[in-house]
Amino acid sequence: MIRFDNDYTEGAHPRIMEKLAETNEEQLPGYGRDHYSDEAKALITRLCDNDVDVHFMVGGTQANLTIISSALRTHQGVIAPDSGHIAADETGAIEATGHKVLVIENEDGKISAMQIQDFVDGHWTSPIREHMAQPKMVCISQPTESGTMYSKQELEEIRKVCDDHNLHLMVDGARLGYALAAEDNDVTLADLARLCDVFYIGGTKVGALFGEAVVISNSALKEDFRYIIKQKGGMLAKGRLLGIQFKVLFQDDLYVDISRHALKMAKRLQEGFESKGINMHYPSPTNQLFPVLTTEQMDELSRKYAFQPWEELDEDRKVIRFCTSWSTKENDVEALIADIGKL
């Protein structure tokens, strides 16, 4: 079985494995107080070109619930697309920590500044607003769960609405490398640090064994964040394992370089689908592809390939997700393309 069902089917980039083995018997302080973590934070801070705090966490759900629970009071909620990870894929983790996810209908995975404006206006003009969770944060993903991206202009427009209504802006960057490496992308880490109160850089899906780097720009959210990481069970005793991985990823542009490989494989695969007359459901320029297949086509491909059913369009047509990754083999892509051609 050749797997295209997600972008973390493999372990970690060889350079990370080599560095972990090389440093395995070093004696270092715990809880991220080691020099590797400090060096990784310095590399990320330099790219952000801003006065940011950087914290390493094990996974995306853990990062999301820790960030959101630290930023909101008990009566406040977070606005997100209805397709957003915190709304659809985290088993109610945000609600379980006491904060309602306030969903807005997405278009190709995104929400607009105007939608946020209308939602917030609706809350504050309601005569019964005290009976509803108060919107205080916006959480979007870059790239989105549909593989699409926000442009710098779109982020600037959302930032303005957030400023006008005193909302925090958070970006879930679980797949951020694949957005940073995309040909049409115009958003840098420095832009995210300038426009967001907090965002995170995904490692789990972009070459690391595990780990996300939380980047906090807003001084009000920096205070006591390590206390909250600990309280939420997110403070890894062997924090060196995170620091070492992110140091390797952010040395010599490795993070973006391996993301470019995933995008190259995705583009080749998309060409294979389209040459067969199979269209994409979402205009994704990143590493997630969403072809529309018939049930028969899906069943035929599933004999050799793992992929994820995404959405049912009608009795016979389904949207399927194929993911490429930093480690996708060109031979596997070409094999899949050959089998697509036989459908």
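Lys222 belongs to helix α10, which spans residues 219-222. Helices are DSSP runs of H or I with at least four residues, strands are runs of E with at least two, and both are numbered from the N terminus. The model is predicted: local features need pLDDT of at least 70, side-chain atom pairs count only at pLDDT 80 or more, and totals for chains, interfaces and linings use all residues. Residues are numbered from 1 along each chain as its sequence is written, and side-chain values use heavy atoms, with hydrogens and water left out.

Lys222 counts as buried because its relative accessibility is 14%. The classes are buried under 20% relative accessible area, exposed over 50%, and partly exposed in between, with a 1.4 Å probe and protein chains only. Leaving aside residues up to four places away in sequence, Lys222 touches Asp51, Val52, Asp53, Ile216 and Ser217. Contact means heavy atoms within 4.5 Å.

Helices α6 and α7 pack against each other. Two packed helices are described by the angle between their axes and the distance between the axes. The axes of α6 and α7 come within 8 Å and cross at roughly 15°. Axes are lines fitted to C-alpha atoms, for helices over the stretch in contact, and angles run from 0 to 180 degrees between N-to-C directions. The two helices, α6 and α7, are therefore roughly parallel to each other. Angles under 35 degrees count as roughly parallel, over 145 as roughly antiparallel, 65 to 115 as roughly perpendicular, and the rest as oblique. The crossing of α6 and α7 is right-handed; in such a crossing the near helix is turned clockwise from the far one by less than a right angle. Helix α6 contributes Ala113, Ile116 and Gln117 to the contact, and α7 contributes Glu157, Ile158 and Val161. By class, this contact of α6 with α7 has four nonpolar, one polar and one charged residues. Ala, Val, Leu, Ile, Met, Phe, Trp, Tyr, Cys and Pro count as nonpolar, Asp, Glu, Lys and Arg as charged, and the others, Gly among them, as polar.

Backbone features also occur in loops. Asp108 lies between β4 (101-104) and α6 (113-124). Its phi is near 55°, a positive value in a residue other than glycine. Asp108 is partly exposed, at 28% relative accessible area. Asp253 sits in the loop between α12 (240-249) and α13 (254-275). Asp253 is not a glycine, yet has a positive phi of about 60°. Asp253 counts as exposed, at 55% relative accessibility. The loop between β5 (134-141) and α7 (152-164) holds Pro143. The peptide bond from Gln142 to Pro143 is cis, with omega near -5°.
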